[in-house]
Each structure stands twice: as structure tokens, then as C-alpha cells.
Amino acid sequence: MSRPESTLHGLGAEFPSAASLMHAAEKVRDSGFRKWDVYSPFPIHGMDAAMGFQRSRVSLFSLLGGITGLTSAFVLIYYTSALNYPLIVQGKPYFALEPSMPIFFELTVLLTAFGTIIGLLLLTLMPRLHHPVFNWDRFKRVSDDGFFLVLEAGDPRFEKGASRRFLEELGGSHITEIYQDPDPFPHPARPEAKGHA
Amino acid sequence: MRAANPASEAAFAKAAEYIDRKPLVSNKRPLSWITDHVCRIVEQPAPLWWWIATVFFGAVAALTPAMLTYLVATGVGVWGLNVPVCWAWDITNFVFWIGIGHAGTLISAILFLTRQKWRTSINRSAEAMTIFAVICAGIFPAFHVGRIWFAWFLFPIPNANAIWQNFRSPLLWDVFAVSTYFTVSLIFWYLGLIPDLASLRDRATTRLRQMVYGLLSLGWRGSNRQWTHYEKAYLILAGISTPLVLSVHSVVSFDFATSIVPGWHTTIFPPYFVAGAIFGGFAMVLTLLIPFRELYGLHDLVTDKHIDNMCKITLLTGSLVGYAYSMEFFIAWYSGNPYEIYAFMNRAFGPYWWAYWAMITCNVIAPQLFWFKYCRQNPWVVLALVMFPNTGMWFERFVIIVTSIHRDFLPSSWGYFSPTWVDITLFIGTIGLFVFLFLLFVRFLPMITMFEVKNVTPEADPHHHGEHDSHGHASRPAPAKAHA
């Protein structure tokens with residue numbers, strides 16, 4: 001409590017079940033909060049709608065990866081077999097679609113997989129090894145059987161007292177203030193202004 | 001949705017009793033029990049049997065580098081292959097291992113897309129098995145090239161000879177297919193591991209564990225902003241892995257089918273190889289899971305229902321393989337081609353008759369016992385029975401490869417292949433390597449996908465409020481309620 005207000009990350013609350021977490025999420029969504037999140041040991045079916053999310057854009061990265069894969073397979077085969085060093089093997093044409101299909105397919109799949117994983121890492125901002133929520137003791141149970149909701153202080157609707165009451169109304173327990181780590185290297189020219197990053 | 005009148009309500013209840021599914025997690029275990037039971041394997045000191053098994057299989061695995069060193073230092077002549085049988089044990093072993101590597105991705109991708117929820121408690125170990133099997137498989141063709149130090153010629157890297165790879169050759173397709181399959185399977189496996197590695201991180205009691213699992217879990221927080229992208233990425237990877245898993249063994253079969261050798265040149269090869277791969281793969285999953293479930297007491301997670309399902313898949317694919325064997329004979333006869341007919345008669349009644357009938361016994365006859373419920377319900381009977389497909393699928397590849405080429409177009413060059421001690425020891429070495437890697441896997445990584453198993457428990461259903469027992473009903477659409 002004695003910690004500076006600017007390092008407050010948000011208010012966390014624990015919920016007893018996936019169902020109660022989802023109902024709470026629906027109400028937070030309707031209240032207009034933007035900077036908040038729910039945490040659970042497994043993906044909860046219907047939670048995306050409860051939080052008001054659009055479709056995930058990972059598929060866009062997959063598509064880009066797939067197009068890159070197919071194009072590079074074509075360029076690779078056509079350039080090496082028909083342009084750079086055409087060589088007659090078994091009287092087959094230098095380039096034809098049929099024998100190229102397996103490589104087209106494999107490289108498309110390979111680069112789609114790369115695109116998907118890159119997209120996932122970019123969209124989820126991983127790897128990010130540290131995060132303020134890890135400062136909360138109870139949060140360790142998130143990967144076991146804990147269901148949590150965190151309202152972040154960066155949201156314009158956030159107000160410590162009112163937000164705490166809001167979480168209580170939603171049925172949350174163990175409501176806790178979560179702080180960011182104090183800046184280990186404070187810069188004199190950069191006073192606490194970065195709190196609401 | 002449900003009718004309001006009490007008579008039909010009662011009829012519904014009665015029907016529900018009949019069609020009630022066995023729960024995927026027995027004994028109504030809570031979520032924390034699942035975490036605890038799976039993580040315990042990694043966290044508690046390794047049991048004595050683990051040390052004994054790991055040292056033993058580690059020693060057997062050491063035969064692999066030993067034999068490979070001897071092979072490279074002396075020359076390929078230490079293997080038994082020679083004209084006319086230039087593809088012998090090494091390619092047999094390659095196809096055998098790559099086939100085993102099919103069940104993992106099949107379970108994780110195809111059963112995911114078809115919403116088979118029972119896959120959740122077996123997919124992790126099956127995927128691990130896939131990766132280890134592909135590692136074992138890769139050794140053989142790499143060394144089969146003869147001059148292993150030129151193996152990089154297989155990849156399109158500009159070289160001093162200025163000649164590129166022959167993209168019209170199925171052998172090059174194989175390079176791309178197998179390396180893509182390995183890479184994508186590894187990505188898929190790792191993606192599935194991330195939330196479970198976070199569980200291990202959060203439970204870590206030592207600094208080292210916390211650091212290692214913390215780094216590996218990439219800072220996973222289980223936030224829904226992560227889950228939403230995670231689920232999409234998993235779905236896409238499952239979507240692309242499905243055709244991939246079917247393509248790999250198809251491409252492997254092209255190595256044979258696009259040649260003009262009687263016995264190889266058949267259009268049935270791709271589906272026949274894929275069915276055989278799934279057959280052999282599931283047999284291997286059962287071989288590994290039954291003992292480990294017993295040793296670690298995982299009966300509530302890998303239930304008898306799981307084993308029963310896998311036995312049914314083994315029965316189905318075994319029968320498909322049997323159909324393919326008979327269809328090959330039929331087509332040989334129907335083609336009227338005397339060379340084709342000879343190749344098949346020679347296969348069944350020629351000098352390698354013993355291999356052919358071993359294959360038929362193991363792959364076609366033995367799995368038929370899975371029609372009996374008793375054989376599917378008793379894990380030890382299952383374990384004994386799946387040893388037949390394990391052996392039979394090796395014989396199948398041996399039969400296809402060796403019997404087709406040991407009597408080729410010129411009778412003057414007919415021969416009989418016998419393996420040398422190096423062939424045999426190297427194969428035993430890769431079996432050791434496979435089991436050794438699997439033992440390391442169960443020791444250091446969660447062998448059951450905890451977050452997915454939690455997801456098929458009734459608690460995971462957002463409409464579950466605990467006021468009534470709906471265990472095992474999770475897959476049924478819940479009536480719209482509780483939103484008031």
C-alpha cells in the first residue's frame with residue numbers, strides 16, 4: 001500500500017469457476033472497460049464473445065506464410081531446373097506442374113506453419129518472460145485451477161475504489177492490488193511519468 | 001429446446017441413460033488433481049525402474065553412433081545390401097520408423113479436427129513418439145547415401161558443381177516431405193506444450209526449474225488475449241498437419257510407386273502406405289502408453305475407453321492393410337502381366353515366403369482378435385496383441401522392398417539378401433534410441449496435455465454450475481440457461 005500509485009498495474013480478482021468468470025467478463029465488457037483480461041488454466045469456450053473479441057488475426061499470418069511458401073517453391077524449382085542449369089533427366093520436361101506438386105505442397109505447409117507461429121508470437125507479445133500479474137501470489141494457480149480477472153490501471157475508467165467495488169459486485173474474491181516492479185534503474189529525467197504505459 | 005411435457009422429459013432421461021458416454025476423466029477428478037498427478041511425474045525423484053530402464057536403453061542407443069561410426073569409417077560394404085538388393089534393411093527401417101511417426105500427428109491433428117475429445121490425454125505422448133520415430137527414421141536414408149559428408153547436396157544450396165537438385169525425382173520430394181513433417185510436428189508439439197510448461201514453472205520449487213520451464217513457456221500467462229490467438233494457431237496447425245500427415249507416407253510410397261519395378265509400380269501404394277502407417281503408429285502408441293499408464297498410475301486419465309478406441313482404430317487400419325494386400329494380388333492377376341504376376345507369386349511362395357506369411361499373420365490375422373471386447377478391455381492382452389503389428393509392419397516394408405528387387409529383370413543377377421551384424425545392431429540401436437528418448441521425455445516434460453484434459457472435464461463447461469452432476473455430458477449441447 002505504501003507503493004507509488006504510478007506503479008499500480010491493476011486490480012485482480014479471483015473467481016470460483018469458468019462459468020462465474022465468464023459471467024463477470026460479460027459484465028466488464030458491457031461496462032466499457034478496454035484494458036482488462038481474464039486468466040484461466042484452459043481456453044474457456046465462449047469467452048471470446050464474452051470479452052467482445054473479434055476473430056483472431058493469426059490466420060492472416062498463416063496465409064502470408066503459405067503464399068510465401070508456394071511462391072518460393074515455384075521460384076526455386078523453376079529457376080534451378082529450367083533457367084539456371086537446365087538438365088535433361090529421363091527425358092522429362094525441365095519444368096512441369098505434376099512433379100512439382102509435392103514440393104509446392106511441402107513448402108506451402110512449412111511456411112504456413114512458420115507464419116502461424118510467428119503470428120502467434122507477435123499477437124500475444126511472447127516471449128515476455130515477466131509481467132506484473134506474476135507479482136500476485138495467488139496468480140500461480142492460473143495454470144492449475146485458478147480463474148482470475150484483472151482490471152488494468154491504464155484504463156480511463158479505472159478508479160481504485162470504484163473498480164474494487166465493481167469486482168466485488170461481480171462476485172470476485174481475494175481482490176488484490178497488483179503492482180509493477182519498481183524501475184530498477186530510475187532515470188532522473190524520466191520521473192514516474194511512465195506509469196500508465 | 002427440450003419439450004416441456006413431463007412424458008417426453010422422462011423419455012429424454014431414459015435415452016440419455018442408454019447413450020451416456022463414459023467420462024474421459026474417471027472418478028470425477030478435480031482440476032488440481034489433474035495438474036498434480038501429471039506434474040508429479042516430473043517433479044518427484046525418478047523411481048528406480050526409470051533409472052534402470054534409462055541406463056539400459058541408453059546403452060542400447062549407444063549402439064547407433066557406434067555402428068554409424070564403424071559404417072562411415074569402413075564403408076557401406078559392412079551393410080548386407082548389394083546388387084540387385086540395393087535398398088535393404090536401411091530403407092526398410094526408414095519406412096518402418098517414419099510409419100510409426102504417423103500416429104502422433106494423426107491423433108493431434110485429425111482427431112482434433114474431427115472433435116474426438118478422447119485424444120486429449122494421449123496426444124502429447126503420441127506426438128513425442130512421432131518426433132523420436134522421425135529422428136530414428138532420418139538416420140537411415142542419410143547414411144544410405146554412402147558419402148554422408150555430401151548429404152548436404154540434398155538441399156538446394158549453391159555448390160561448386162553448379163548442378164542443382166533434381167526436382168523431378170521422388171527421392172528429393174522425400175527429403176522435403178520428411179524434413180517438413182519433422183519441423184511442423186516439432187512446432188505443433190511445442191505449441192501444445194507451452195501452457196503445460198507454464199504449469200511446471202508455476203509449481204517450481206527450485207530456481208533452476210523455474211528458470212528452465214520459465215524460459216520454455218515463453219512467459220505464458222493463460223490470459224484470454226493469449227488463448228484466443230493460441231486456439232486459432234492450434235487450429236490452423238491442425239488444419240495443415242492433416243494433409244501433411246497423409247502426404248508424408250504418400251510421398252514415401254512414391255519412391256517405390258513411380259519406379260517401374262514389378263511389385264512397386266502400383267497406384268494403390270499411397271493410401272495403402274498411409275493406412276499401414278496409422279496401423280503401425282497406433283500399435284506403437286499402445287505399446288508405450290500401457291506400461292507407462294501402469295507405472296505412473298494414470299488410469300483415470302488414460303482410461304480403458306482410450307485403449308478401447310485405439311484398438312478399434314488398429315483393427316480398422318489393419319483390415320484396410322489386409323484389403324490392400326489382397327487387392328495387390330488381384331490387380332497382378334487382373335493385369336495379365338506375367339512379370340507382375342510372377343513378382344507376387346514369388347513374394348508369397350518364393351525364397352522370402354517366411355517374411356510374407358509373418359507379415360500376413362501379424363498384420364491381418366492377429367488384429368482381428370480386437371473384434372472381441374475381451375481383447376480390447378484387458379490392457380495386457382492389448383499389449384501382447386499390438387506386438388504383432390509392431391513386428392508385422394517391419395516385415396511389410398521388408399517384403400515390399402526386398403522381395404520386389406531380389407529377382408529383377410535379369411535372371412542372371414538374381415540374388416538373396418541377408419543382413420550383416422552391422423545391419424542388425426544398427427536397427428537394435430535405433431530401437432534403443434527411440435525408447436531412451438521417450439524415457440527422457442516422460443521424465444522432463446508433462447506426458448499428458450493437462451490443459452486439454454481439463455478442458456474436457458465438466459468444470460470446464462461455462463454452463464456448468466455444479467448444482468447437478470453432468471459428468472461425461474460435457475459434449476452434449478447444454479440447454480440455454482443460467483444467463484438470467
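## Basis

The model is predicted: local features need pLDDT of at least 70, side-chain atom pairs count only at pLDDT 80 or more, and totals for chains, interfaces and linings use all residues. Residues are numbered from 1 along each chain as its sequence is written, while chains are lettered from A and ligands numbered from 1 in the order in which they are written.

## Contact between the chains

In chain B, 56 residues are in contact with 59 residues of chain A (contact: C-beta atoms, placed from the backbone, within 7 Å). Helix 2 (31-43), helix 8 (170-203), helix 9 (207-216), helix 10 (224-257) and helix 18 (450-455) of chain B each give two or more residues to this side. Helices (H or I, at least four residues) and strands (E, at least two) are DSSP runs, numbered from the N terminus.

Helix 10 of chain B supplies the largest share, 16 residues. By type, the side of chain B that touches chain A has 28 nonpolar, 20 polar and eight charged residues. Here Ala, Val, Leu, Ile, Met, Phe, Trp, Tyr, Cys and Pro count as nonpolar, Asp, Glu, Lys and Arg as charged, and the others, Gly among them, as polar.

## The sheet of chain A

Chain A has an open sheet of four strands in the order 2-3-1-4, with antiparallel pairing (two strands pair if DSSP finds at least two bridges between them). Strand 2 (36-39) and strand 4 (173-179) of chain A are at the edges with a single partner strand each, so one side of each has no neighbour in the sheet. Four bridges join strand 2 to strand 3 (residues 147-152) of chain A, and Trp36(A) stands opposite Leu151(A) in strand 3.

Helix 1 (residues 18-30) of chain A lies across strand 1 (8-15), strand 2 and strand 3, at about 20 degrees to strand 3. Angles run from 0 to 180 degrees between N-to-C directions, with axes fitted to C-alpha atoms, for helices over the stretch in contact. Helix 5 (residues 160-170) of chain A touches strand 1, strand 3 and strand 4 of chain A, and makes about 15 degrees with strand 1.

Of the 22 residues in helix 7 (residues 123-144) of chain B, 19 are buried, so the helix is largely enclosed by the rest of the structure. A residue is buried if 20 or more other C-beta atoms, placed from the backbone, lie within 10 Å of its own. Just after this helix, Gly146(B) has a positive phi of about 95 degrees.

Helix 6 (residues 102-113) of chain B has ten of its twelve residues buried. Its cover includes helix 5 (89-100), helix 7, helix 8, helix 10 and helix 11 (269-296) of chain B.

How values were computed: Contact = placed C-beta atoms within 7 Å. Expected span 1.5 Å × (residues − 1).
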